Amino acid sequence: MKRYLCSIIIGMVVILSIGTYYVKVASSASSLPKYTFKTLEGSDKELDPVIINATLQNGSTFYEPLTFESNTTTYASERSYLENLTGRQFYQIERLVKEHRSFMRGKDSISSLYEDDDFLAYAWVNSDITNNGKMEAKFDIGLLEKKDEEETSFQIELPNQERIMNVDVRDVQLVHSKLQVLTMNDVNSNNEKQTKEVHLYTIDVANKKVLNDKTLVSETFTDPNQVDFQMPIDLAPSQPNNIVFISLIKGVNHEDGFKEKLKESKLLSYNYETEKLETVKKGSLSLDMARSGYADGKNLYVVEMKSGKYRIKTFDLSSQTLTNDTELDIAANKEELYTAAFKNGRVYFLLNGMNQEGLLTYKPAKLLIADLKTGKTLYKGETVINKKNSKSFDLFINDLEIK
């Protein structure tokens, strides 16, 4: 009897705790300002695929994540206990979890995933530092054949791991039935020297082995000299892609900050099909454009300010030529940060009210949705708030997603 009584008491405590949680949630959410986009031009139906992740802050005493989705605001405190426990995932990950729940278990890095009509693949590096200071690392590899839901998963040791300090998976592709994993590695060097490398690992999934470890780029330097590798923002990180751009940035750390060595920095392109690494010759596509641009596997989109307006330049990745140059109907502001997304022939352009130093004097966030080719405005709107005390809050935009 005592055993059953104990179970009943535990059950009641759990129910009361959950009830208290939801009462607090309802009370907390009801006191927060609600943000929505007021339509200034065009159709508000264009907002349906838009997801904006943001944070509401009141000085250093209050911090609350929120999400705009289809022009509806949801605070973290309004989500279920389970949703907050697992954390909010990006839409692309959420979609894959819903469609392939078993395969996606424990996989939350979109840059480590590849998807086409027939396959869903995954490559990640699990690493640990041993007592003697060396790294032990293994690939976690997974492949799902969608037609019959057949899964293959295994671990395999990372080649030459004794010389590697850190591995960052940046792209995964499936080429001629072989998995291609592009990584950026920090490498152990002698004395005070540092080495950074870009590697391409070719993995035979059928035979569960690494066929090749190819070093695409290797740069050794000594402080205060610095080297960094950068890639454009990937709009479609899990989709098939033949070409990647890699910006090789060289510079020196001074007391007043980092100064780039422009003559030594360069833009590289790698083609998975031809296996060629090439230096992009100076032309219409520059190093600055590539490292600040947005790529979707076929095109590179670059945002520029000209004559008081924002312009979107579109470059074909394979030919590296300019294919479109569009002016947006929104005033340019050098002091204000922007976030952009590109999908389905549209550009989604968000001015978030924050300056280059990350400081915010509250302004409404402005969203423009335009036809990518013509620049025609399909939607223009700005945030409005429905609470009297809203001036005491600051809204920080974190990222922009398109379903």
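Seven residues, D117, D118, E145, D148, E149, E150 and E151, gather on the surface in a patch of negative charge. Such a patch is made of residues with over 30% relative accessible area and no salt bridge, with like charges joined within 9 Å. Asp and Glu count as negative, Lys and Arg as positive, while His and the chain ends are not counted. The place of each charge is taken as CG of Asp, CD of Glu, NZ of Lys or CZ of Arg. Accessible areas come from the Shrake-Rupley method with a 1.4 Å probe, and for residues only the protein chains shown count as cover.

The model is predicted: local features need pLDDT of at least 70, side-chain atom pairs count only at pLDDT 80 or more, and totals for chains, interfaces and linings use all residues. Residues are numbered from 1 along each chain as its sequence is written, and side-chain values use heavy atoms, with hydrogens and water left out.

D148 lies in the loop between β7 (135–145) and β8 (150–157). Strands are DSSP runs of E with at least two residues, helices are runs of H or I with at least four, and both are numbered from the N terminus. D148 is partly exposed, because its relative accessible area is 45%; buried means under 20%, exposed over 50%, and partly exposed in between.

Now turn to the rings. A search of the whole structure finds nine aromatic pairs. Rings of Phe, Tyr and Trp (its six-membered ring) pair if their centres lie within 6.5 Å; planes under 30 degrees apart count as stacked, over 60 as edge-to-face and the rest as tilted. Y301 and F342 form a stacked pair, 4.4 Å centre to centre with 5 degrees between the planes. Y301 sits in strand β20 (residues 299–306) and F342 in strand β23 (residues 338–343), so the pair ties together parts that are 41 residues apart in sequence. Both Y301 and F342 are buried.

Y310 and F349 make a tilted pair, at 4.7 Å centre to centre and 50 degrees between the planes. Y310 belongs to strand β21 (residues 309–316) and F349 to strand β24 (residues 346–351), so this pair ties together parts that are 39 residues apart in sequence. Y310 counts as buried, because its relative accessibility is 0%. F349 is buried, with a relative accessible area of 0%. Elsewhere, ring pairs link Y35, F37 and F68 into a cluster.

Charged pairs come next. A search of the whole structure finds 15 salt bridges. Each is a side-chain nitrogen of Lys or Arg within 4 Å of a carboxyl oxygen of Asp or Glu. E41 forms one with K380, and the closest N and O atoms are 4.0 Å apart. E41 lies in strand β1 (residues 35–42) and K380 in strand β26 (residues 377–385), so the pair ties together parts that are 339 residues apart in sequence. E41 is partly exposed at 34% relative accessibility. K380 is partly exposed at 22%.

K309 forms a salt bridge with D329, where the closest N and O atoms are 3.3 Å apart. This pair links distant parts of the chain: K309 is in strand β21 and D329 in strand β22 (residues 321–331), 20 residues apart. K309 counts as partly exposed at 24% relative accessibility, and D329 is partly exposed at 34%. E41, K309, D329 and K380 are linked in a network of salt bridges.

Another bridge joins E304 and K313, with the closest N and O atoms 3.2 Å apart. E304 counts as partly exposed at 25% relative accessibility, whereas K313 counts as buried at 17%.

Last comes the backbone. Most residues other than glycine have a negative phi, and most peptide bonds are trans. A cis peptide bond joins D223 and P224, with omega about 15 degrees. P224 has its place in the loop between β12 (209–222) and β13 (225–230). K208 is not a glycine, yet its phi is positive, about 55 degrees. K208 lies in the loop between β11 (193–204) and β12. K208 counts as partly exposed at 45% relative accessibility. N344 also has a positive phi, near 55 degrees. N344 lies in the loop between β23 and β24. N344 is exposed, because its relative accessible area is 61%.

Key: Patch = residues over 30% accessible without salt bridge, like charges linked within 9 Å, V, L, I, M, F, W, Y side chains within 5 Å. Buried < 20%, exposed > 50% of the residue type's maximum accessible area, 1.4 Å probe, protein only.
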